[in-house]
Amino acid sequence: MRHLIAIGTVAGLILAGSVHLRAADASAVAVATAGDEATQKKIDSKAKRLIDAAKIDDPAKVEKVKAILGTWFVTMWDWHKQNDAELAKLWSEWSKARSVVPKDEFPGEIVAHKIDDFYSSLKPAYQSMLAQLGAELGAEQVDAIKETWSRSPGMTRTYNAYLEAVPDLTDEQKKVIHDRMLLAREAAMLTDADREIVNLYKVHKVKVEAYIGSIEWAKLHSAYANKEKAAESQGKSR
């Protein structure tokens, strides 16, 4: 029981903003979870997958990163344990808002903003974790960890699917879509629930698809305008 109390205490302090995810905090959580075999096994499994993706070959650095990730996992799980009941209500509201006929994404967009705001109390701990990772790893390694976390649906996988579906995008349009998918990946870092990860991606995919729709409308409008100009020019020539 003491180790469970210790986990909640450390995570609670982090969420309250009274401490940061320093190396000492990581060690404290490692000690706190040592007696909880199931939690430690879960941490080890998730951390190993991310560490392997980042290709960290220094044993000392592996242990540091594992401690940083372990602290984050405990903090995230504790936050969800306290907040998932309310969060589930918001996701239900989001699904209901998007089920209207005819299809209208705007009501769901309003709920999506509420969901993003709801996560605000977890984001400082996440940013602190990223800062610690950044002190130990290169930017490409941190990116590999993020990419691996939400590998399904996955940022790169989803982005490439859009490029395949709409092959004539300009570089500027590709960047808009890429940046939006990066936001989706960041949002998905705040949970390890598969269904929620899919929903968080969907919130941003809706925006991408609306953007692509506006691009297609612009093309249609331009084609129409050019057709009118051609007809007008042909009339004058007569």
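The model is predicted, so local features need pLDDT of at least 70 and side-chain atom pairs count only at pLDDT 80 or more, while totals for chains, interfaces and linings use all residues. Residues are numbered from 1 along each chain as its sequence is written, and side-chain values use heavy atoms, with hydrogens and water left out.

I start with the overall layout. The chain has 10 helices and 0 strands. Helices here are DSSP runs of H or I with at least four residues, strands are runs of E with at least two, and both are numbered from the N terminus. Along the sequence the pattern reads α-α-α-α-α-α-α-α-α-α.

Of the 238 residues in the chain, 39% are buried. Buried means under 20% relative accessible area, exposed means over 50%, and partly exposed is in between, with a 1.4 Å probe and protein chains only. The chain exposes about 13,600 Å², and carbon and sulfur atoms supply 57% of that area. Accessible areas come from the Shrake-Rupley method with a 1.4 Å probe, and for residues only the protein chains shown count as cover.

Now contacts, meaning heavy atoms within 4.5 Å. Among the contacts with a separation of 6 or more, 72% are between residues 24 or more positions apart.

Next is the core. In soluble globular proteins, nonpolar side chains tend to be buried together. A nonpolar core is a set of buried Ala, Val, Leu, Ile, Met, Phe, Trp, Tyr and Cys residues joined through side-chain atoms within 4.5 Å. The largest one in this chain has 54 residues, and those with the most contacts inside it are Leu69, Trp72, Phe73, Leu133 and Met181. Helices that each supply at least two residues of this core include H3 (37–54), H5 (106–118), H6 (123–136) and H9 (171–188). H4 gives the most, with 15 residues.

Which residues does Met181 touch, not counting residues up to four places away in sequence? They are Met155, Thr158, Tyr159, Tyr162, Tyr201, Lys205 and Val208. Within H8, Met155, Thr158, Tyr159 and Tyr162 are buried. Seen down the axis of H8, its buried residues fall within an arc of 100°, so they line one face of the helix. That arc is taken from the directions from the helix axis to the C-beta atoms. On the other side of H8, Arg157 and Glu164 are exposed.

On to the aromatic rings. The structure holds 6 aromatic pairs. Rings of Phe, Tyr and Trp (its six-membered ring) pair if their centres lie within 6.5 Å; planes under 30 degrees apart count as stacked, over 60 as edge-to-face and the rest as tilted. Phe73 and Trp77 have ring centres 5.7 Å apart and planes at 20°, so this pair is stacked. Both residues lie in helix H4 (residues 59–98), 4 residues apart, which is about one turn of the helix. Phe73 and Trp77 are both buried.

Trp149 is buried, as is Phe73.

Lys42 lies over the face of Trp77, at 4.2 Å from the ring centre. A charge sits over a ring if NZ of Lys or CZ of Arg is within 6 Å of the ring centre and within 35 degrees of the ring normal.

Back to single residues. Tyr211, in helix H10, counts as partly exposed, at 24% relative accessibility. Leaving aside its neighbours within four places in sequence, Tyr211 is in contact with Gln173, Val176 and Ile177.

Last, the backbone. Most residues other than glycine have a negative phi, and most peptide bonds are trans. Where are the cis peptide bonds here? One joins Val101 and Pro102, with omega about 0°, and Pro102 lies in the loop between H4 and H5. Another joins Ser152 and Pro153, with omega about 10°, and Pro153 is in the loop between H7 and H8. Lys55 has a positive phi, near 55°. Lys55 sits in the loop between H3 and H4 and is exposed, with a relative accessible area of 69%.
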